[in-house]
Amino acid sequence: MLIDTTLREGAQLFGAYFSMEARERIVSGLLSIGVDEIELGWVGQDGLDELIERIGARRGRTALSVWSPCREADIRKAAGLGIDRINIGVPVSDLHIENRLGTDREGLLERLARTVLAARLLGMEYVSVGLEDLSRTDRDFALRAAGLAQDVGASRVRLSDSLGLLTPPMTVELVTAFKRELDIDLAVHCHDDFGMATGNAVTALSCGADFADVSLLGIGERSGIAATEELAAYLTLKENSHAYKVEDLRGLCHFVSQAAGVPIPRTKAIAGKDIFACESGLHAHALSKSPELFEPFDPARIGADRMVAVGGKSGRAAVANALADRGLDLPEQGLPALVDEVRKLAWELERPLTDSELSKLVKN
């Protein structure tokens with residue numbers, strides 16, 4: 001199950017400023033896709049009240065949540081927002097406890113218990129506790145904090161790899177240890193500093209985690225976190241464990257790209273424009289016979305198009321198929337010369353040929 005935090009974690013991206021209209025558009029897109037929870041922002045964020053009012057009753061089965069630091073004053077503010085869940089952030093590494101909070105382990109646990117109890121007394125039925133900087137935290141203390149959160153009424157514990165230090169094997173060990181000790185929901189928040197966020201999130205879900213945090217295009221602090229489009233597509237198309245509306249992902253990703261000023265690499269998984277483009281002779285020929293030989297799923301499933309072009313890497317079979325697909329006639333004996341011309345022009349242009357360029361070579 002996916003918790004999209006584009007409007008909280010993603011909004012922390014350096015230089016990203018989402019207008020109210022953009023925030024509402026992102027929420028509408030996520031509701032259409034069917035993510036399980038949307039983290040709308042943080043307590044005290046400008047415009048949060050207005051955004052919640054604009055969303056109104058459109059949420060459907062998707063839960064709405066906000067993030068809050070572990071402070072009773074912020075919890076009281078969150079209780080008046082009319083949201084479904086609150087996500088309380090609690091740093092649990094000694095480095096953060098001492099240097100950021102100015103307390104010790106026992107003081108942190110006391111604050112945690114007091115804050116969760118306050119949230120429950122204020123009528124918040126689903127309280128999530130995020131254990132921050134978990135990958136640099138003493139495991140026994142982290143388990144103690146998670147157990148305390150459960151005992152005082154939390155509904156979920158979120159394991160946050162705040163600096164992206166985990167690997168998939170480490171993620172398995174961590175999730176297994178917490179799952180064994182807890183009887184409440186377990187979530188993960190995986191950062192991408194070493195490029196493992198999506199892999200760690202998939203691994204966590206596969207070994208027992210109930211939720212994974214994601215953001216569109218993976219945007220967030222530094223290198224960001226696991227990508228919404230990658231997790232949603234994987235769970236729907238590969239695992240068949242969910243039915244997210246993945247055909248809407250690419251359009252929403254492109255909107256976020258413009259709103260956040262983050263260009264999408266043309267080979268970006270799920271969102272890139274060229275992920276189903278092929279020029280290689282061997283692959284192009286195979287695609288003409290059986291697309292599944294070199295495609296993990298039908299491009300139409302995510303609203304993408306297959307594109308096969310000829311160029312400097314194309315052989316006779318690929319050029320012949322391209323001619324047939326475009327209704328261009330050429331005698332068999334003229335094919336070798338055309339292949340040479342295609343390759344030569346492509347190398348001069350440093351790109352595959354367009355249909356009009358191929359047609360012009362045939363007519364010449």
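Predicted model: local features only at pLDDT ≥ 70, side-chain atom pairs only at ≥ 80, totals over all residues.
Residues are numbered from 1 along each chain as its sequence is written. Local features need pLDDT of at least 70, side-chain atom pairs count only at pLDDT 80 or more, and totals for chains, interfaces and linings use all residues.

**Exercise 1.** Trace the order of the strands in the closed barrel.

Solution. Helices (H or I, at least four residues) and strands (E, at least two) are DSSP runs, numbered from the N terminus. Strands pair if DSSP finds at least two bridges between them.
- The 8 strands run β1-β2-β3-β4-β5-β6-β7-β8, with parallel pairing.
- On average, neighbouring strands of this sheet are turned by 25° against each other, direction ignored.
- Take β7 (residues 185-190) and β8 (residues 211-214): they pair in the parallel sense over 2 bridges.
- V188 stands opposite A212 in β8.

**Exercise 2.** Classify the packing of α8 and α9.

Solution. 
- The axes of α8 (residues 197-206) and α9 (residues 228-238) come within 10 Å and cross at roughly 40°.
- Angles under 35 degrees count as roughly parallel, over 145 as roughly antiparallel, 65 to 115 as roughly perpendicular and the rest as oblique. α8 and α9 are therefore oblique to each other.
- The contact (heavy atoms within 4.5 Å) is made by T198, A201, V202 and L205 of α8 and E230, L231, Y234 and L235 of α9.

Note on methods:
Heavy atoms only, no water. Axes fitted to C-alpha atoms, helices over the stretch in contact; angles between N-to-C directions.
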